[in-house]
Each structure stands twice: as structure tokens, then as C-alpha cells.
Number of protein chains: 2
Amino acid sequence: MNTNQKVYLFSEAFTMFAGNDLLMREYLGGKGTGLVQMVNAGLNVPPGLTITTKVCTEYESNKNKLPPGLLEEIFNKLFVIEKGLGKKLGDKTNPLLVSVRSGAKFSMPGMMDTVLNLGLNDETIAGLSKATSNERFTLDSYRRFIQMFGNVVLEISKENFEKILDNFKEKVKAKSDADLDINTLKDIITEFKVLVQEKTKNEFPTDVKKQLELAIEAVFKSWNNPRAKYYRKINKIPDNIGTAVNIQAMVFGNMGNDSGTGVAFTRNPSTGENELFGEYLLNAQGEDVVSGVRTPNKITKLKEDLPNAYKQLAECINKLESYYKDTQDIEFTVEKGRLWLLQTRSAKRTSQAAIKIAVDLAESKLITKEEAITRVDPVTLNQFLLKSFNPIAKERAQREGKLLAIGLNASPGAASGKIVFDPDESEKLCSTGEKVILVRVETCPDDIHGMVPAQGVLTSRGGMTSHAAVVARGMGKPCIAGCETLKIDLEKETVSTNGHILKKGDLISIDGSTGQVFMGSIEAQEPKMTRELKILLDWADTIRKLDVRANADTPNDAKTALEFGACGIGLCRTEHMFMQQERLPWIQKMIMSNTTSEREETLKHLLPFQKQDFKDIFTIMQDKPVTIRLLDPPLHEFLPKLDEMVAIVSDLKCKKKDSSKEESVLTKVRQLHEVNPMMGLRGCRLGISYPEINKMQVQAIFEAACELKKENVNVLIEIMIPLIVEAKELKTVKEQLESTAKNTMQKYGEQVNYKFGTMIEVPRAALTAYEIAEHAEFFSFGTNDLTQMTFAFSRDDAEGGFLLKYLQDKILNDNPFEILDETGVGRLMKLAVEDGRRQRKDLKIGICGEHGGEPRSISFANSLGLNYISCSPYRIPIARLAAAQACLKTQERDK
Amino acid sequence: MNTNQKVYLFSEAFTMFAGNDLLMREYLGGKGTGLVQMVNAGLNVPPGLTITTKVCTEYESNKNKLPPGLLEEIFNKLFVIEKGLGKKLGDKTNPLLVSVRSGAKFSMPGMMDTVLNLGLNDETIAGLSKATSNERFTLDSYRRFIQMFGNVVLEISKENFEKILDNFKEKVKAKSDADLDINTLKDIITEFKVLVQEKTKNEFPTDVKKQLELAIEAVFKSWNNPRAKYYRKINKIPDNIGTAVNIQAMVFGNMGNDSGTGVAFTRNPSTGENELFGEYLLNAQGEDVVSGVRTPNKITKLKEDLPNAYKQLAECINKLESYYKDTQDIEFTVEKGRLWLLQTRSAKRTSQAAIKIAVDLAESKLITKEEAITRVDPVTLNQFLLKSFNPIAKERAQREGKLLAIGLNASPGAASGKIVFDPDESEKLCSTGEKVILVRVETCPDDIHGMVPAQGVLTSRGGMTSHAAVVARGMGKPCIAGCETLKIDLEKETVSTNGHILKKGDLISIDGSTGQVFMGSIEAQEPKMTRELKILLDWADTIRKLDVRANADTPNDAKTALEFGACGIGLCRTEHMFMQQERLPWIQKMIMSNTTSEREETLKHLLPFQKQDFKDIFTIMQDKPVTIRLLDPPLHEFLPKLDEMVAIVSDLKCKKKDSSKEESVLTKVRQLHEVNPMMGLRGCRLGISYPEINKMQVQAIFEAACELKKENVNVLIEIMIPLIVEAKELKTVKEQLESTAKNTMQKYGEQVNYKFGTMIEVPRAALTAYEIAEHAEFFSFGTNDLTQMTFAFSRDDAEGGFLLKYLQDKILNDNPFEILDETGVGRLMKLAVEDGRRQRKDLKIGICGEHGGEPRSISFANSLGLNYISCSPYRIPIARLAAAQACLKTQERDK
């Protein structure tokens, strides 16, 4: 290829880029590449050309000036197209019309600008009218062109055009644009021109070459419009890669009822079923479908409306899937019965669909199992693993008449929240922790900031491919679109249907999987596995090296963990066991004690609770290891807060009531108060200061295990000591506890399997891993705390505060609490792994922070050679898949 | 040497250990080694033998049984001594008496037991009486022996004997023990024997070999008495090295007025003056001097009392100093005009004396300059650099009649505090932060726990070598001893003198350098340099590689820093500048602001203050670098505390008063409240969130510098950004500030020298030093915070809490906030130094935490190859000396 070439014909590019898809995508963008590939695959595509992305960056860096020679190059290529079609741009008798569309390397649907029907003016419409023998179509196209060009290129706001159009529609009592007659269209065109003259102080441009030049510039400029920037930011697309521009001969879906336009998926993007999926409108142009202004028909109806076109479509689909070996999302137009493809791209899909498609493709041998594994983004399993409403609760809601309406099931998942109509307000309320459902007539790219934080989205207009639907699916957020029975009154801030009127702030629930809208909040339940996910994860299990364990504190968690395929518990936190209602008073009494013997006395009451907890968990997890972390948080977490207690005592004193009890609590709270509790008396420091607490816990663990052993339940205990910073701490605690363990086993005459190990969650622990490993049979990186200490970021204070600004300003690329910081925290971990294994070859090492369920962090853990990761039960499928992908990535790299 | 040999004669050991002093000290202890060396140096020492320390550890590990063969070996050696002296242990006509004394490798004065006059019984006294022709002396010795053996070996409490003795003294109206006549002594001996019979149900042992055996065992056992253990703990002496036992022929200071006993220093241990210093008692035995029961005479008086003995002493002194090349502390006895040396050891001395002696010895070419430098423990400079009372304030106190009494100036330094009589109470009060002066009749080893935390010690009895005096000097704590005009009433808890009665809790001030005791508190002032210290430090400066800078926040600090020899300011904290009365309201207003422009407006008022601060400091420090750290603490530190504010608002509301203003403060305090402020919005995070604060500071710095430049004051600015964890933070802040700096310089048309650098005080900064060094011209390790984060120890919470237990239980050997943790924190520092210098060869690196003034940490900094250390002005001499010693140590090792 010639890197100076600015413009490529669809028909020449494939050869010139030597079939290098990645390079082509970099230069021609996603849309351009799709068009070139479709031409190459022998599909019916209107001819066209692509201006490379490099021209866009040149335009930008050249202070918004098109590079010299560009237009000449364009018109030279256009000449080839004109010759092929026998039409000519601006020709009075047989004019060529073109579309001008953006298309960046990464898909940014609806974020940048498009101009259709370019090439029309008062002279060419006459020729077009004659050539097509269709004056109404010609005028409709002209009206559309002025409207779109006026808005996109001349920057006149949409509403101005809409108002004129609506006035005429009302005047002639037209239900839709299609009902407007020739005369009305002419009047509209006249008024549109007046509007342009008024707003721009210039006539609507009649020079078609100028039209084209301006449209190209407008597309380039739209790369930097605010919504495109925002989209890039949240999708982490670089700002400096620019967009390509595609100029393509128009085909017309608005040439009458033998014409139409639509979008289709080669498989159902919501479920993954192998069925043609999509929608279309007869006698319409592309933007009518996408914008959601008219509610389109399901694609299956095309079989009835235009059976021949439907047949062509089905053939295309097959060709596309064998060419791409993946599900595609296409745009098509039928012009007088003939099918044209205008765009193809890898279809966005729900996680459920992605899994089913990957497994189906692998089972039909179109791809390998390994490819199937890499096809599913583990993060999107989150979306698949979204909540659904408890069916009983939902049935009850229905019985009680709370079902308000049914719309299109645009994005699966269930959500409840307060009604909010305004995206700004959604953003604001959500930032205070409120859960909201954003309710809109339809959404547009400007609304994204309100959609991102909302629990779900509900629109009264638009189809499955409307903005709201596409965006919500991409975000894994429940969405119901086109719920037309809802009447939304933005002024009164109400939504009404079937005699119900709901106000802003009222609770509603939406089921994105069924399209049902309910009044009030409905109890949601956790998701279940599908057949395909099970298969995919089984495949993943044969590939991955990392074991996947669960962080599980309760028998319920343990059950869920097993269901999702955990091979053990990597973190069982014991503090939550103390928080329950019947136990909290005892732990508080223990804390209020002033002597060891008082504490021991109180701990006796907690022992049976703990023992039963462990018995339940061990029974569920039998034959699988259970890592139990001894009490970790500072004791004051079990007492009221200092300022609250001060207020209570002040108040009692003010009212001259007896406050002696409260004052003694206040005294203890003050005594335990710490300036920086994260770095205070917690973790193993508690056990060293009050050994009796740890001893009770270990006694409970071993009593539980011994009693189960007698019932032939095999228990694998791993006792984990938190917050170690020095080997001697571990030695001290371990000696104390091993004697308790041995005494307990002796009492029962049983021997149970157990290991002692430690968290590595403080920098010094990582730095002295060699010494620590002498006393530890396993390490578990507590990456949450390790991140806090390594960064000196108090998570409680940072995440709602300065860290937001750090991420906004790109001082940090990622939130280190979400994605493990390989540079800093990772370096400590690497030291610890090397030093630990140098001391003890068979040291078992894992991660039990939240990073254990995050794919990039899992990939890092894999590269460190860890033995296992442990994460919350619902993230286990993600972890299994990510661990397999990490191995495949390494294999790929090592090839 | 034969490692199985258990017992060495003084006369044979030097040859047998081949003059290896260190090995000898390990086997024979300090006292034994001194005796052997003195014999070798030709000094007059009573013959004796030493049982090795290894026997002590064997005794201990053998469950307190003397090893077989030991006694035989002892008696064989004793036979040599007996032959030499013509006396025999237990002989009825010419009995040998011996002393049995402890003596460990490290000096532990008064901590272990001693038995004198051993070998007396009813039969041998007759022989002794005849041989010495001195019945009174014989009986006095017997009385002493029973008393001491009874207490030390038979464990009968001292008071029992004292009571009998006091009764008789009263009966015969004797002022002191020396006034007791023969008959009374006989009666006393009889009653002592009855006492022993009562308490032990046995007769006082008459078998002298048994006496010796029991005494040896008693000395071994005393290695593990509680006060010895406590002493070892605070002095970091290992528990497993045991004590030697010295058995030596007695010479008698209690043979009449031509006899006496005393202690002497070859130079004045308080000032270092080259003068004989010490004290003695005529007709007394050693313990009379040391115990402080009788107040001894100054050594100069010996010239009058026993001129011949004084001459012998002066000759000894010269021999000792040329032998040891150091000042010695000796015990001597004069028996009938002849001088005997009983002990020598390197003299404990005040820091002032240590310096003067080292410099004097070097100037007289007895030692080299390098040796002189290694002779002074830098830590003891602390003691030398103790406060003294402001002379004007002291004069005023004197004029106002507040001078209560004058005692012995036993340990220099000035202190004020509340009177406390009980060591336990001292410990308790001090732990709450109170400053106390411990007032006692005399102190004993059991009182140490109350002396350690007290500001100073005042006793009404005892001399310069009394327990109180020796211990206080060792601790660098002011002490006045033997202040006999004070009447202490322990029951009423009062101390009275000259008609004044002071109660427990009343304030007093003591000047340990003059011996003056004042009522009330007196303003103290910081210390000044002496000629010798200046010389020593100048020598040190020629050797050390590390630059020494000061942490100085005020012009006053800067002046002091220069006086003490700082070559720049390594840390000028700017937050203290905001805390002053006229500024605090403005910073509070700034914090209460809700917009950037409000903040900027308020900051304008702070600018002139900051500018003047910098001008003052720059003027003092001209031509020397000044490292200014931009605002570091969380903003809420400038506002009241949350719980206090809650209480205030509650109270106002209770009283139905207007609380709107307070409530708005409370709102802000709540808003700024952080769970872990140490890891919250502070350091560079402040400057990134509110750039206007940093900008104001940088503007003030550069305006100050430019204005001074015009006055030809050369300013070297180093701007230091705190709490960096990521290179991009530094880049961001630096870009902001460099533009402010440039604009300001442009405004003035001046160019001033400046550098930008960063603190390395968070683990991630150390771990990413390579990236950070790209933007930093210097690193300054903030080892305080780095220690906090690396250990996850919140200093505020740890030091008063669990860290105490950690140190007690030896989970940590040192407090990492005092002595830099080389293993963990040091490893991070090493990484940072290597990576930082890899990025930027000439990167300047220093330490500005408190460790910058701690010798072991300085030695570590030296080994890391840092460029400088920065510490508080008063620690600069310590740092200069320690830095030189670090170099000498390295040279020594590299030899």
C-alpha cells in the first residue's frame, strides 16, 4: 500500500491492503473495512470510496483545513464510480447522489455525523425526478437532504426543521412523513430554504462539489463533538486516531412500497439463537429506523412484504457468517425489490448471546473451542449474570395489578428504582447513592451521562435497535424500549398509563428480559447458569492453570460458589459472623470488658455460634479447602461511631436524663477511637493484643471439624492470619493457635487436615516474604488493602473524592481498586512470590482481594504463576473464563 | 586458651588470653578484665580469680546447679593466692577474707549482687582480730558480713538488719556506724544471728567453703533478678550471656582513720576537665560510698586527709590513662595508708565530657582524630544538647525568692515538672503526657521505671556517684543529688525546705548543671555549642560524605540550624506558617469557601504572610539550598475536630442559642471528615484538587526570591511536592507550578535558581521511582510516612498502643519510627535509589524524616549512597558525627 494515498475505492482496497484486516481497519475505519470486505465476499454493495483516518488527524492538526490534493483525489476516484453507474454528481439529467458517513477504527454508533442524499439542488431534482419517474420520492429526498445538511453541516438545530414539518403535517392531517404529498413537500422545501437563509445569512449551497466538501469537513469535525468525546472516554478509545469518511452511491429505500430499509443481525443478539433478527421500515431511509422516530416492523414480516428481498437477505446472511466466522450486524436497503448492503460489523450482543453464539459456532466446527473461549469478554458475564426478579414476587406484583405496561425487551436484566425523567437529574441523584430508572420518550447520544449511572432505562418510543436499546445492551443495563402505552409529560414530570399516574421519584421496576414495567419495587434474585455457559466454562477449565476459589462468609455464599464452579473457599471472613443480631451484644460485651477473664467469659457465648457457622460451611464444602481468616476489623467497628455517641450523650444530658450507661459506652468508644483505623489495632494485631479472641475462633473451627470428622465429613482447613508485617508476628500467633488446635483435636481424639498461612496485604509483608514464608504454608494477597497501603489511598476517602479527579484527568488510567496496579502493587507481589517460593518451594499463593474476579488482574496473577484466585461467588464464571483466556494469551505470545 | 577452664587467676589470665581484650571481656566480664589488665599494667591490685561467664550460663541451663569440678578448680587457684599472701580462708590464726563480686561483659552498675568480708565466723574473727590488732574493725567487718550475706545470700530483707542497727545506734546515741563501740557491735552481731536463725530456721553458716559456694550461687542467681532483667531490656543487653564472678582478697578501708575507700574518675566525667574527680569516705567499706547512705568527701580533700595515699592515686591515674588511652572510673581502697585498686572501667561520662576528653586526648596525640570521632556516641549528644534555663528567667526566679535549695549537680540539663514521690506514680502520670520530677530520699535500682519517663530526678541523699546520679547521667536526664536541706515526708506527700512546703503535684524546676532547685516552672532555652564540640564536628565534616541539612520551618529554626552547621534546609514545612494566630482565620475562610474564585480571593490575604516568611528564611540561608515542601496536611486539620463540633452544636441547641454559624462549620467538618486522613486528601492530592493553593505558595516563594535577588541575596530554591505515588501527579503539579514560577520571575525580570523534586514517602513512589525521577531533580525520603505505609502502622494509634506490646514481646526489636527499618522500608529505599539514579544519574537523594537525625539510620543512609540527610536543628551535631562514624565504619570494614 501507498501510505500517501488518501482515498480508496471499495473495489480496490482489499487488494491494496493485501487483505490485512487490521491495517485496513486502522486506515479505513470499521465501516469502510466492512464495505471493502463485503465487496470482496461478492455481496451486493453500492460502489463508493473511503477517505482514510489519517486525513482526519491531518485535518485536525492542520487547524481544520483539508489537506491539499484531497478533493482532486476524491473526484478522480468518484469519476470511476460515476462511469460505472452512468450517473454523475450534479448532473442535471441523471444525477448521482451520495451518502457521506463517518467510520472510525472502533465502532461509535450514532456519535458522529452522516449526510444522506447529497448532490441534490433545484436543478438535479428535476433530472432525478425524470430518471426515477418519481417526483414525490425526489422531493422527499430533497426535503430530507436540506434538513440533514442544514442540521449537520450548517449547524441549524433540528427543532427548527421539525417544527416546520410538524406544522405542515398537522395542516394536511398527515400521520407520518410518508403521507405528505408533492405540493406539501414543495412548500416544506421552500420554507426550509427560507430557514437556512435566515439562520446562515446565505442561500442553501447549490454547488454539489461544495456540498460534498462541506459534508466531509462536517464529518471530520464531528470526531470532536462532546458526545463523541464522552463516548470515547467511557469506552477508552484513544482521542488521536480520527475517523474515516465513506462516500457511497445512494440507494433508496424511500422509492415506494417495493423499497425499504432496515437493520439485521445474523443471529439473535439478545439470546444468541440462530435466527434472523432485525427490523425494517418500508418506503423509508436508514435514519428513520435507527432514530426510533417510527416504530419499525420485525424482520420476519419482510417475508410477507417483500418475499424476494427476504430471500436475498437470507442468502447474504449465510455468506457473511462463513466469511466472518461470527455474527454480523448489517444495514440494508431494498430499492425497488433489490437488496443492497450498506454496512456490516461484528454484532454487539448480550453476554448470553455471545456465549451461545461462541459455543454454537464451535460445536458446528466453524471455530475451535479455544477461539470460542476468546470470543466472550469475561467482563460481560457480569451482564449475563444480572439479576432477575424473583418469579413469585413478580407473580404477586402481577396479581396485585402492578403491571403497568409491556414494551420491547431491549436489554435483559431486572431493575427497580425511582423514576427520573432528566439525564442530568439521574446523574445527580445517582451520585448520592439513589437508584433510579431513567424514563424518556426516546434517548439520544446526549443522554448517555444519565444512562450510565441509572439502574435501567425505559423509553416510550424506538425499537430494539434504537439508541436506548443499543446503548443499554452495551452497558449490560436492563432496558425496555418502545413502550408506547406510556404517556410521558415532561412538564408535570409524570408518566401515565392505563389510568395510573406516576410522579418523578415514584418507584418502578423493569424486566428487560420480558419488557414488563411494574409499579413499585420487586425483589430481585441472583442469576443461574445456562447450558452454553456451562459448556464454555468446562472448556475453560481444561485450559486454565489458576484454581478459582470463592470469597464466601456464609453457607449460602458457599452453596452459590459451588454452583458456579468454585474449587474451594479462598476467603471466609469471620467478622460478619459477629454482626448478626443475636451475636452483636456479646461481641460488644466482650469489647466493653476490661480484663482477659471477662473477655474469655463473654467469648464462651460466641463459641457455639461460630462453631455452627463453620459446621454448616464445612458440610457444604466437604473435600474442598476452606480458608478462614481470623477476626480482622478494628473492634470499634462493632460499637457506635464517636460523633454519634457524643450527640447521644449531649442530648441525654440536655434533657437531664440518666446517661451513665451511654457515657460508659462513649468512654470505650473514645478509648478505641483511632486516627487511622485502617492502620491501627486490627488484623493479627488484635490477636496478639487479645489472644483469647483468636483462640476462641480456632477452637470453634477445630471443634466443628472434629465433630464432622466423626460423621465422616472430610474437612480441609486453612487458617489465615491477616495483616502480617513481620515474620515474628506470624510465628507468635501460629504458636498460640497451633496449641489450641492440637488441644482441641486431642480432646476429640481426631486428626483433621489443616494449614496455617497468611494474608500478604501490607507492603512490608511483601518485602519480607522470605522470612514470612518460613512460618506460612500459603500466602493470600489481600490486594484491596495492599493497594490502599501501597498508594496511601484510603479507599473510603479516595473513591468518592480525589480519585475521581485522578481518573478524569487521566493521572491514573484505571481505578487501582478495580484493576490491579501492576506497576506498583504488582511489583511488590512479584517480589513476594519470588522470595516466598525461594524460602518454601511448594508455597501456595493466591489472591483474595476483589481483583480476584477482574480479568486483567487475573491475567496478571496468571503471569505471576500464582496457584489460585478467589473472588465473590458471582464472579467465579468470569474468573474461570479469564483464567483460561490468560493461558491462551500466553500461549499465543509464546508461539 | 583452654575453653574448658572455668577459673582464671588475675595474674595468669592476660597471658592465657594472649591480650585479647574482647575475648577476655566475653569470658571474664568487664570487672574481671579490668582487674587482669591492671595487674598487667603493674598496678597495685589485691590478688584474686575470676569464674567465667560460661559457668553462669551453664549454671542457668543446668537448673541452678554449679558444674562439677568447679569448686575444686576454685580452691586450687585459691591455694595459689593463699600461698602468696600467707593467709588461708577459714584459718583461725590468719584468715583470708574475700569479696565475691559479679561482673558481666557489659557494665550493669548495682544491678547484681556482691558479698564482702567473706570468710568470717566466730572462730576466724578471733584470728583476724589478733592479726590486725583491731578488734573493733574485726567486729565491724563481721557485722557487715552477716548483714550482707544475710540479705544477698539468705534473702532476708535489708530492713530487718537496718532496724536492729538503728535501734542500737539510737540506744548508744551513735551518729553513724563508725561511732559504734565494740560491745554494741557484739550485741548487734548476736541479734543479727538470732534474726538469721528466725528467718532461715538455720544457724548462720560457719563453714567458710560453704559460705563461698553459696555466695557464688547468689551472684549467678542475681543475673536474673527483676531489676537486672529490666536494666538489660532498656540497655539492649542480651539475656543469654551471663555474669562472671570475681573472688578477690579483701583489703580494708574500715581499719581506722588511716584507711578509707572511694571512687575516682581520671578526668571529670561531667565536664571532661583533666582533673582528678571522685569522692571517698574514711574508715569505710566500698558500699558505704556507692549506696549514698553517708555523703562522702570530695576527692581533693584526700590530699589533706591522707597525702601519701593521694600521691599514690595520682600516679595510678597516669598509668591508667596511658594504658587505656581513655578516661577510667576506678574503685580504690586505702588500707593503713596503702592504695589498692579494686576496679577500673571506661568512665561513663556526660556527652560534654566525652567530647572534651576525646578532643583533649586527640590534641595531646594520645589518640587520632578518627579515634576521637568514634569515641563519642552521637546519641549522647542529645544529652549534651539538653536544654538549660533561660538565664534571665532563672535570675528572675532567684530574685523572686523561688530558689528552694542547692544540691549536687549530678547530671546536667534543666527540667521543670510536677513533683511526684512514687516511681509507680511517675510512670503512670508520664504515660498520660504529664511532665514530672521524681523526688526521692535516694533512688535504688527498683526505681528505674519511674526515672525513665520523668523529666528529671531530685534526691535529698547520695553523692555524685550515687545510684540516682549515675543512672540519670546515663540517661542524659537532669539530676540533683544529695540535696540535704530538703525534708521529704512520704506520708504527707510533701517536701519542705527553708519554710516552704511543696505538695505532690506542685511545679518545681531543677538545674542539673548547677544543682539549683526552684519553685515553679522556669522557661528553658536551647543549648549552645562548646569549643570541643565544634572541633570534633569540624573533624567529622572532613570525613563524612553525607551532607547534613536541617528541617526548619521558621527563621528561628534556620538560625539555629546554621549555628549547628547545617549546609541547607532539607525540609521547610509550610503548614506551620498557616497556623499562626493572624493567619489561621484566613486559611479557615479559604477552606470554608465553596468556589475556586472565593478560595483565590482568600488566598490573596495569605500571600504576603508566606512571602515574608520565605524572605526571612532565604535571607538567613543565603547561598544555601532551601527545600520547601508545599502544603501537606489534610485541610480538616485547620478546623475543629468532628466530635468537638458535634458537642458544641448540641450544647448550643440545648441552650436554645443560635447555632447557625457553628452548624455551617460542622457541615464543612463533616464534609472534610475522612476515615483515614493519613491516606486521604493531603499532599499533592490537595494541589491537584485545589491548584490555587499551590500556586499561591509558589508565587510567594518566587516573589520573595526575586525581591531578594534585587538586594543581591542569592537564593537556592528547591520546591518539594509531597505524597507523590505516580509520575503523572508530579508532572501535572510541576507543569502548573513551573508556569507560575516563570510568570513571577518574568514579572520581576529576574532569574532565580530553582529545582523541582519530590518526597518519596509512599511505597508506590519508591516502587515507581524510575518513572518519577523523569520529572524530579531530587528525591527526599519522608521516612516517617514511608514507615507508616510500609508497616500499615498509624503512628498516632500504634505508638501509644499495640506497638508498645510489640516492643515488649520483641516482635519488633526497635520502634521503626525511631530507628529506620532496614529490612522493609530500607528495601523500598534501595529500590528507589537504584531506579531513580538509573533514570537520572545526578539525582540528588536525601532523607527528611526524623530518622535523618538517628545514628543507625544515618549509617544506613550512608550505605545507600544518599547525598544528604535532614533533621531537626538540634540533631544536626548528632547527624554530622554519625555521618562521619558511618564513613569510618565502612572504611574499617573495607580494610
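User: Why is Asn64(B) called partly exposed?

Analyst: Good place to start, and do keep in mind that this is a predicted model. The relative accessible area of Asn64(B) is 37%. Buried means under 20% and exposed means over 50%, so Asn64(B) falls in between and counts as partly exposed. You will find Asn64(B) in the loop between helix 3 (53-61) and helix 4 of chain B.

User: What makes the phi of Asn64(B) worth a remark?

Analyst: Phi of Asn64(B) is near 60°, which is a positive value in a residue other than glycine. Asn498(B) is another case, with phi near 50°. Asn498(B) sits in the loop between strand 21 (494-497) and strand 22 (500-503) of chain B.

User: Is Asn498(B) buried or exposed, and how do you know?

Analyst: Set the value against the cut-off: Asn498(B) has a relative accessible area of 61%. Exposed means over 50%, so Asn498(B) is exposed.

User: And why is Gln610(A) put in its class of accessibility?

Analyst: Gln610(A) has 1% relative accessibility. The limit for buried is under 20%, so Gln610(A) counts as buried. Its place is in helix 25 (residues 596-620) of chain A.

User: Which residues does Gln610(A) touch?

Analyst: Leaving aside neighbours within four places in sequence, Gln610(A) is in contact with Thr574(A), Met577(A), Phe578(A), Met696(A), Gln697(A) and Ala700(A).

User: Let us turn to charges. How do you know that Lys356(A) and Asp360(A) form a salt bridge?

Analyst: Their N to O distance is 3.1 Å. A salt bridge asks for a side-chain nitrogen of Lys or Arg within 4 Å of a carboxyl oxygen of Asp or Glu, so this pair qualifies. Side chains of opposite charge can pair when their charged atoms come close. Both residues lie in helix 14 (residues 351-363) of chain A, four residues apart, about one turn of the helix. Lys356(A) and Asp360(A) are also both buried.

User: What about Asp506(A) and Lys503(A): how far apart are the closest N and O atoms?

Analyst: They are 4.0 Å apart, and the two residues form a salt bridge. Asp506(A) has 24% relative accessibility and counts as partly exposed. Lys503(A), at 48%, counts as partly exposed too.

User: What makes Arg461(B) and Glu442(B) a pair that ties parts of chain B together?

Analyst: First, their side chains meet in a salt bridge, at 3.7 Å from N to O. Arg461(B) lies in the loop between strand 18 (456-459) and helix 20 (467-475), while Glu442(B) lies in the loop between strand 17 (436-440) and helix 19 (448-451), so the pair ties together parts 19 residues apart in sequence. Arg461(B) is partly exposed at 36%, and Glu442(B) is partly exposed at 26%.

User: Which residues form the negative surface patch, and how does Glu162(A) meet the accessibility limit?

Analyst: The patch is formed by Glu159(A), Glu162(A), Asp166(A) and Glu170(A). Glu162(A) lies in helix 7 (residues 158-171) of chain A.

User: To finish, how many of the residues of chain A count as buried?

Analyst: Of its 895 residues, 59% count as buried. Chain A holds 38 helices and 33 strands.

Notes. Residues numbered from 1 in each chain as written. Chains lettered and ligands numbered in written order. Predicted model: local features only at pLDDT ≥ 70, side-chain atom pairs only at ≥ 80, totals over all residues. Heavy atoms only, no water. Patch = residues over 30% accessible without salt bridge, like charges linked within 9 Å, V, L, I, M, F, W, Y side chains within 5 Å. Areas by Shrake-Rupley, 256 points an atom, 1.4 Å probe, with all protein chains shown as cover. Lys, Arg positive; Asp, Glu negative; His and termini not counted. Charge placed at Lys NZ, Arg CZ, Asp CG, Glu CD. Helix = DSSP H or I, 4+ residues; strand = E, 2+ residues; numbered from the N terminus. Buried < 20%, exposed > 50% of the residue type's maximum accessible area, 1.4 Å probe, protein only. Contact = heavy atoms within 4.5 Å.
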